[in-house]
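Thanks for coming, everyone. I have one structure to walk through today.

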Amino acid sequence: MQVTVDVGGRPGLDCRGFCSFCYFKGVKRVEPSGCRRCSPYKKGCDYCLREVIEIEPGYKPLDQLIFEVSQKSVSTTPEMITIKGNGDISCYPHLLNLVRTVSNGSVPVFLDYTSGKGFTKEDDADLLIDAGVQRISFSIFSTNPNLRREYVNDKHPEIVLRNFKTFCERSELYAMIVLIPGVNDGLELEKTCRDLQDMGAKGLMLMSFANSREQGLIFGNEPVMPDVTPYGVQDIRRIATKISENYDMRIIGTPLWDPLTGAPFALAHHKKELRRLPAIEKSATIITSSVAYSLLSSIFKELGDEVNVVATEKEIGNLITLQDFEKLALKNVKERVIIPGMVLAHDRDIYRALRRDGKRRLVFRGPDELTVVSERSIYNTLEEVLETEIEAFTGLIAQINDLGSIIPEFYAGKKQIQEGCLSREHFYSHSSSRDRAVQASENERIELIV
């Protein structure tokens, strides 16, 4: 069992100032978008009013965080405790005491995302590691202190980089780089990669810079950097693949590509595993993001013709908003529709947007997570990623079979089998639109129940 505790904080305020590329920079008042947690007749809840834009009153008190961990750990000792925050956890004033208390000298601690701007003493990393930190994800941007000073708003980059080196040497450090064309790419990226490998970093996440609404800026604050055209998803994939071939570290590109596992949607690259999935017995349309479209389409084409996939312009499925549904062409959208579970729109508005052509469609939210996003797959093996996806797709197919449209020829075939009530040696039944042979012994009487 793993326990996660959120220290809170506010982007830009509890991180010693916005980074130049921060996707929260420029966010002002945001109207609630609606989400799956809203009541049926009211748009706006605590999640889409506060949590989505990470509005907090500040950092949580130390006592409250210790109590949260103890409540979550009441029945057993956690395998790991993850500490995260909305600001920058290195800036949390009680971080060392929190780590010492929750680790208690035995439970490993994972610091999940920091830019390191709160590390102001050269022994900060040593103290945290001695207290129990064993893993950390660190947004480094570049090992060039001048670039960190200019773009990360780091007031003392040399001290931060020395602490970064200590984390590399004494813990599992996974570096993160938001890649900005003409700034920290090219020769600068090559130098940073060499430095990371020499220091002993376990992995590197190359992250696409979001600068438009399609890339995920949904708060009306685009572009964050007006004169920058970000790398596209395929560019990030190409760069991540090349670096992976040249360095010993685990390298991933996000949002699309983990060269080791094929995540996200590793099943699209390991299609033999699709045999483990249940048959699809009903028809539906899946609406997804532009990045996931080709991968999801590839998977469902292998499973038959019952489910088609339609893409919005948004690159990230859980950042799809009402505007994306309103712009979506409805020609190929069937009467039963499944959308990403956490899309940021109210159900009532989604129904209206997907029925604007006069067709009365039924819309259902699917699983919150259908795959392992690449920035998480860096901690997983291929087997772990595939098991997660098999479980998620099994649940999705069960939902399709429960809620999808009936396929007339499929159920006609089943009806004939029921009426015949087969009872001899071999018989064939349609368990989906794909034929599957089922055997029965001479003494068995088989009755199929639809």
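**Salt bridges, burial and packing**

Arg276 and Glu273 join their side chains in a salt bridge, 2.8 Å from N to O. Arg276 is partly exposed, at 40% relative accessible area. Glu273 is partly exposed too, at 24% relative accessibility. Keep Arg276 in mind, please. That residue comes back later.

A word on the source. This is a predicted model.

Now the overall picture. The protein chain has 14 helices and 14 strands. Its radius of gyration is 25 Å, close to the 22 Å that the globule rule gives for 450 residues, so the chain is as compact as a globular protein of that length. Along the principal axes, the C-alpha atoms fill a box of roughly 80 × 50 × 45 Å. Of the 450 residues, 54% are buried. What about contacts along the chain? Take those with a separation of 6 or more: 72% of them join residues 24 or more positions apart.

Back to charges. How many salt bridges does the model have? The count comes to 23. Here are two further pairs and a network.

Arg10 forms a salt bridge with Asp14, at 2.9 Å from N to O. Arg10 is partly exposed, with a relative accessible area of 28%. Asp14 is buried, at 12%.

Next, Asp357 and Arg361. They form a salt bridge, and their closest N and O atoms are 2.9 Å apart. Asp357 is partly exposed, at 43% relative accessible area. Arg361 is buried, at 1%.

The network is made of Lys43, Asp349 and Arg352, linked by salt bridges.

Now a charged residue without such a partner. Glu389 sits in helix H13, residues 382-403. Glu389 is buried, yet it has no salt bridge. Which side chain of opposite charge is nearest to Glu389? Arg276, at 9.7 Å.

What does the Glu389 side chain reach instead? Backbone nitrogens. A polar atom of the Glu389 side chain lies 2.8 Å from the backbone nitrogen of Ala266. The side chain also reaches the backbone nitrogen of Leu267, at 2.9 Å. Ala266 and Leu267 are among the residues that Glu389 touches beyond four places in sequence. That list also includes Pro264, Phe265, Leu370, Thr371 and Val372.

Thr254 lies in strand E7, residues 250-254. Thr254 is buried, with a relative accessible area of 7%. Its side chain makes a polar contact with the side chain of Glu375, at 2.7 Å. Leaving out residues up to four places away, Thr254 touches Leu206, Met207, Ser208, Ile236, Ser374 and Glu375.

Ser208 leads us to a loop. Pro230 is in the loop between strand E6, 203-208, and helix H8, 233-246. Pro230 and Ser208 are 22 residues apart along the chain, and their C-alpha atoms are separated by 7.3 Å. Which residues does Pro230 contact, beyond four places in sequence? Pro181, Phe209, Asn211 and Gln215.

Last stop, helix H4, residues 124-131. The buried residues there are Asp124, Ala125, Leu128, Ile129 and Ala131. Seen down the axis of H4, they fall within an arc of 160°, so they line one face of the helix. An α-helix has 3.6 residues a turn, so residues three or four places apart point the same way.

What does that face pack against? Two helices are listed, H3 at 95-103 and H6 at 157-170. Strands E3, at 109-114, and E4, at 133-139, are there as well. Just after H4 comes Gly132, with a positive phi of about 140°.

To recap two points. In H4, the buried residues line one face, because they fall within an arc of 160°. Over to you for discussion.

Technical notes: Residues numbered from 1 in each chain as written. Predicted model: local features only at pLDDT ≥ 70, side-chain atom pairs only at ≥ 80, totals over all residues. Heavy atoms only, no water. Helix = DSSP H or I, 4+ residues; strand = E, 2+ residues; numbered from the N terminus. Buried < 20%, exposed > 50% of the residue type's maximum accessible area, 1.4 Å probe, protein only. Lys, Arg positive; Asp, Glu negative; His and termini not counted. Salt bridge = Lys/Arg side-chain N within 4 Å of Asp/Glu carboxyl O. Polar contact = N/O pair within 3.5 Å; in protein donor to acceptor, adjacent residues only side chain to side chain. Contact = heavy atoms within 4.5 Å. Arc of directions from axis to C-beta. Rg over C-alpha atoms; globule rule 2.2 N^0.38 Å.
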